[in-house]
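Look at the ligand and at what surrounds it.

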Amino acid sequence: MCGIVGYVGPRPVVELLIPGLARLEYRGYDSAGLAIQQQDSIAVIKQVGRIADLEHALSLSPLPEGHTGIGHTRWATHGAPNTINAHPHRDCTGSVIVAHNGIIENWADLRSELIAGGHEFASDTDTEVVAHMLEDLADLPLAEAVRSVMKRTDGALALVVMRASDPDLLVGARRGSPLVVGKGDGENFLASDIPAFLEHTRRMVVVDEDRVVEITKESIRITDLEGTELPLEERVIEWDLEAAEKGGFSTFMEKEIHEQPRAITDTLRGRIRRDGLVDLSELGLDPERLRIVDKVYVVACGTSFHAAMMAKYAIERWVRLPVEIDIASEFRYRDPVLDSNSLVIAISQSGETIDTMAAARYAKAQGCLLIGVTNVVDSALARESNAVLYTRAGPEIGVAATKTFTTQLVALQLLGLYLAQVRGSRDEGSLVHLAAAVRSLPKLVEEALQASTDIEDISQKFAHTRDVFFLGRSGDFPVAMEGALKLKEIAYLRAEGYAAGEMKHGPIALIEPGVLVVGVATDTHVRAKTISNMQEMKARGATIVMVVERGHEQEAEEVADHVLTVPPGPDLICTVTAVVPLQLLAYHIATAHGLDVDKPRNLAKTVTVE
Ligand code: F6R
């Protein structure tokens, strides 16, 4: 998501901040800006678009030279991607400057309070509240004012601020979003990630949770929120620049697989109320509009279609509405029966896929209520939809969808629970129970990721397998489909996802020794049936891998050559954890073949052709 780089030292700061921001481009962004300290003021320049656009703006109106400054690349969450919403943001006087990465959950309340107190806002961002709060605390030392702001804000924050009255001082703070200090000789850096300063220094200090850091060119001071000074733990970075961008992982895909707990936490943030019920009032939909819906259609392509499959099961089970799912390229040409009581949910991580967009536009033209589920703020899908539910996975660089898929599943689970609540189709107790399970997913996914090394070992054994089937029933069926797609697209193996009960109607003819069959059996009410289907595969000579919930290893071992476990949880919600071992399996098989998993052949991240 957003990237921040700050510098205090003797060198001309613009020349350091622009390359620093370029090193953070991999995080994804839609606008960029700089703030440079002058004698008694701070100059700011911002520009929607790429860093090259910011450089062009600088060439037209150059900033005066300065030696302390902040640069920021913004990945929009609150407010459209435009120049006004680009960071850094200022208070009413222009003497406090703030760059932020993350989401301030209670920004709306803070903003109303600040407006009532006479502050004027220039942008639609959550970030700007921080600048105005700091303006009200102008009498305090800057670090103390930042500590006070941290105590009043909820959500994920990495802040870097400066004040005209405190030359050559940057103050940073961290909760939830990353922030690191680069320690130089007579100069220091503050950044969202190491690549921003790695060409200047290899010495770094990590800013821990709920810490405030002050840097000048000669000093680094870290305190907790009570102001107690803490020892600095300096580390030396051994990685090169490319490895640093991947956070120490060997590929972006591996990094993104491991980012899933954080991405899911962000997607959940602010969407489950204190009473345990889901709150999607952010959709801005009149509950009455949701109550008149009599049929739901979910449309998407590829991996996003597998999220649609899970949504069908969840909405039918929890909301008791009929749901049809369609591959978007089929939906738009098959003349579906739609009217104003139909709810169409279009899912697209990029928000730009041409088939999904055409399906969404078609549905809207028929008068349907259109909800878009996307990862990209202000994307074409977001603009077309009557309401948008954002996944907050952050930018995904690997072409194969991983964290955008699991965050889609989570967003759709929240939507299913919200619909059930608004329409009264389930009692509150059971909704609270299910929402609690969704809330525990970051922890469960973290646990599922711990099996990565075992899966790597198992994957070596399948390096020469050519044919693979992935089987599952109910909530495990979309997981099986996704496991097969991942293996096809990054390891170039022939892999088929099937409903486990469907094998005997034809595909079982393909089962013989040498074929690998991966059975997913985490859905409790069909587990025994899936396991017995796997017996049918074993009897015909297939090698069997089973994915089951912890506690069911014994049943699985009776049929499987290898058993992979995931933490237990309610049916359907567990799709999120069940897919993790399959992502890892595909990943490790592909890397065992020496393939470039981040850029598989013939594939594009955003498909804008029919
Ligand atoms: C598979 C993958 C693709 C996309 C599909 C739809 O890993 O990434 O199958 O899921 O191209 O893309 P979006 O979600 O952007 O509409």
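A backbone N or O atom of Ala 401 lies 2.9 Å from an oxygen atom of the ligand. This is a predicted model, in which local features need pLDDT of at least 70 and side-chain atom pairs count only at pLDDT 80 or more, while totals for chains, interfaces and linings use all residues. Residues are numbered from 1 along each chain as its sequence is written, and side-chain values use heavy atoms, with hydrogens and water left out.

| Residue | Atom in the residue | Distance to a ligand oxygen atom |
|---|---|---|
| Thr 353 | polar side-chain atom | 2.5 Å |
| Ala 401 | backbone N or O | 2.9 Å |
| Lys 486 | side-chain N or O | 3.0 Å |

On its own the ligand has 410 Å² of accessible area (Shrake-Rupley method, 1.4 Å probe), and the protein covers 90% of that area. Helix H10 (302-319) and helix H18 (476-491) are the elements that give two or more residues to the shell. H10 gives the largest share, 3 residues.

There are 14 residues around the ligand (a heavy atom within 4 Å). Ser 304, Ser 348, Ser 350, Thr 353 and Glu 489 come nearest. By class, the shell has 5 nonpolar, 7 polar and 2 charged residues.

The helix pair is H4 (residues 128-136) and H5 (residues 142-152), DSSP runs of at least four residues. The axes, lines fitted to C-alpha atoms over the stretch in contact, come within 10 Å and cross at roughly 130 degrees on a scale from 0 to 180 degrees.

Terms used:
A polar contact is a pair of N or O atoms within 3.5 Å; within protein, one must be able to donate a hydrogen and the other to accept it, and residues adjacent in sequence count only if both atoms are side-chain atoms. Ala, Val, Leu, Ile, Met, Phe, Trp, Tyr, Cys and Pro count as nonpolar, Asp, Glu, Lys and Arg as charged, and the others, Gly among them, as polar.
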